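Please look over the sequence and the structure below. A short briefing comes after them.

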Amino acid sequence: MGVALAAAAALITLPAHAPASAAETPLSQGRTATSSSDENGGTPAAYAVDGDTGTRWSSAAGDTQWLQVDLGATASITKVVLDWEAAYGKDYKVQISADGSTWTDLKSVTGGDGGTDTLDVSGQGRYVRMYGIHRATQWGYSLWEFQVFGTTGGSTPSSCGTANAAKGKPASASSTENAGTPASAAFDGDPGTRWSSAASDPQWVQVDLGSVQDLCKVDLSWEAAYAKEFQIQASTDGRTWNTLRSVTGATGGTASYDVSGSGRYVRVYGTVRATGYGYSLWEVAVHTGSSGTTGPVQGGGDLGPNVIVVDPSTPDLQQKFDQVFAQQESAQFGTGRYQFLLKPGTYNGINAQIGFYTSISGLGLNPDDTQINGDVTVDAGWFNGNATQNFWRSAENLAIRPSNGTDRWAVAQAAPFRRIHVQGGLNLAPNGYGWASGGYIADSRIDGTVGPYSQQQWYTRDSSVGGWTNGVWNMTFTGVQGAPATNFDTGPYTTLDTTPVSREKPFLYLDGSTYKVFVPAKRTNARGVSWPANAGTSLPLDQFYVVKPGATAATINQALSQGLNLLFTPGVYHLDRTIDVTRADTVVLGLGLATLVPDNGIDAMHVADVDGVRLAGFLIDAGSVNSDTLLQIGPPGSSADHSANPTTMQDVFVRIGGAGPGLATNSVVVNSDDVVIDHTWLWRADHGSGVGWDTNRADYGLRVNGDDVLATGLFVEHFNKYDVYWNGERGRTIFFQNEKAYDAPNAAAITHDGIVGYAAYKVADSVTTHEAWGLGSYCNYTADPTIVQAHGFQVPVRSGVTLHDVLVISLGGKGQYAHVVNDTGAPTSGTDTVPSKLTRFP
């Protein structure tokens, strides 16, 4: 981002890769995999069975290599699918074993040509392997996915319940013939009442079962006005529907239909009527059940393959840091995800360089429990000294005594620096003082001076600093001891003495040898760090489902329904259904920028209108089919009071495009009241793969409908329409950083209601009370530099709506702003990159 994106073409991106062909979930997915060798730490055996076609296993460069998977139980195998990378096997065998030592050939392949091999086989065993004989290239063997299909021998048949799960549940319909035939009459258990629709096609009636359930049968009792053709559909969210059964040539009357699938909502969707009337159902009964193989999800366990736990005596520790950094330094859109966890103790002479999708955290209850006499470094050598793309990484819960007295943390967006004690100074610029565009510090103590130098903007919360040397455009501080005084009329600083509401991010720590998650308490009017007092609650790891690559959304939702919290270990998780967080005080915590990808147009996550949910430390990456809303906090119409225990969203980032085409109408919608958004970056990609005005279309970044919502550290960029649209009352924002979409093709494409350009931050006309501090919007209209945007900010003019310290900037003259807020404020002009400011509006 920033003005230096001309170099974006040099970025290293992963090629798009077609998913392996398979309709059902393979028996191998998420199971334990081993191999004769791994090419490196980034291509382990587990990646061939994780369900992610962007990760792979690769072997050493030699013949006679193998990859095997333990299915966990004896199974009857019917098919094996091998999705080869370019380094494929020319001659190989697929083998099966009961014990992992004595093998039987299922299929021999000679003269293979790579791509996807789908092999029909027949055999029984617990272990299945690919045994490579001759390679096709000078490299090793490399598989995106190794999928084994069949049936588990120890399973019991699915059992379908006799009870009607839909009876008395809330119902709705596309239409009703009259008030005497409502939707609810089809689900009341009374065969003498009915629903009937208007006399047109299509029409539907649906029921809300109250939770996602396994669906096995639907009974229909039609009145004389029946459907000749219809579908039985299911949905997890009431918006995106899957067809469980398509029926043609129906004859009405009473009929039962076996189905297979899951959902919270079930509907009968009529497409062709049999009569001139509408559709009419006396009763719809929905039956649920489950297979006998599914038991309760267990909490706790190990932290997965991409969490690297070390202590001061760990051999070759510097080499471990260097190895991950070498892989992740320039992997801006790669699939590697890593978390370093440092046990309490003193680490001498370490320089932990932190690349993309890498996090480093101490495992003490306090930062000073984990002492690094050395450095935790982010620099920009990979990008020729330009730090504007140093995204997606983090440091947390450590003490650092820098080797030369000053630590370097030259980052851009989505790179939090939390709960750190720097026993020296902190330099926020890259070596050579090239461009930098960050950033965020919270709950940290910097004994020396912070030097932002070339940093364009920065937000610091509830911390202490020994000094602050300068700033470029927008430096905002709340609750920071030692912060510079406000000087926005002549300089970059906005300073508030305290933060109105804050609650620090949950974090993993060791209590003796036991992992726990500490959940800090809410603070009001906070100033300075929260530690070592540490008010809050500790949760043992066995109260968390430790989510590992290959886990399914169904299992994740089952864990949530059991009352477990979620700890996502580093990885990329493809979701075939929405994650539903319905219980108050649920913690959803990610390690190593764990990434959720909703497939087939579903929403990634919904949070109910309940108290105290904590969302922290993960990335949502939009899928290639448009999602309506990637993250929804509270359903529409939420109104409960959560002021005593608000839901928090911290270091939760959203990306649309960049890693490939992504589409989402809304990134984040907040419907609940009192939510605290503490550091987010919602980004419609302006570079990378799958980028274009319509290729990665995303209309809105953040939509706030709830009342009393507070955002501290709000970064939202490049959306096709409004980046932020605030519709709730008494909202507050402290620090906002924005760039308008670079790729707007012309002024006409962004003109609405007679206004050229959508405001970066719009407060709805109906809002009576709103306040914000330290707001900046930049334009860089590279597709059409002649665009003159009407304003950066649009708010109703009334006494209860106030903006403090607002600026707009034209980056190098590529487009301009006519005003700052509404029709007020001087226009930007020329190529001088000088802000136009308002210290207060109105």
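This is a predicted model: local features need pLDDT of at least 70, side-chain atom pairs count only at pLDDT 80 or more; totals for chains, interfaces and linings use all residues.

Residues are numbered from 1 along each chain as its sequence is written, and side-chain values use heavy atoms, with hydrogens and water left out.

**Disulfide**

- Searching the whole structure gives one disulfide (a pair of cysteine sulfur atoms within 2.5 Å).
- C160 and C216 form the link, with an S to S distance of 1.9 Å.
- The link of C160 and C216 is right-handed, with 85° about the S-S bond.
- C160 sits in strand β8 (residues 159-160) and C216 in strand β11 (residues 203-222), so the bond ties together parts 56 residues apart in sequence.
- Strands are DSSP runs (E, at least two residues), numbered from the N terminus.

**Cysteine burial**

- C160 is partly exposed, at 36% relative accessibility.
- C216 is buried, at 14%.
- C779 is buried too, with a relative accessible area of 0%.
- Buried means under 20% relative accessible area, exposed over 50%, and partly exposed in between (1.4 Å probe, protein chains only).

**Antiparallel sheet**

- Three strands make an open, antiparallel sheet in the order β31-β32-β34 (two strands pair if DSSP finds at least two bridges between them).
- β31 (507-511) and β34 (536-540) are the edges; each has a single partner strand, so one side of each lacks a neighbour in the sheet.
- β32 (residues 514-520) pairs with β34 over five bridges, in the antiparallel sense.
- V517 stands opposite L539 of β34.

Note on methods. Helices (H or I, at least four residues) and strands (E, at least two) are DSSP runs, numbered from the N terminus.
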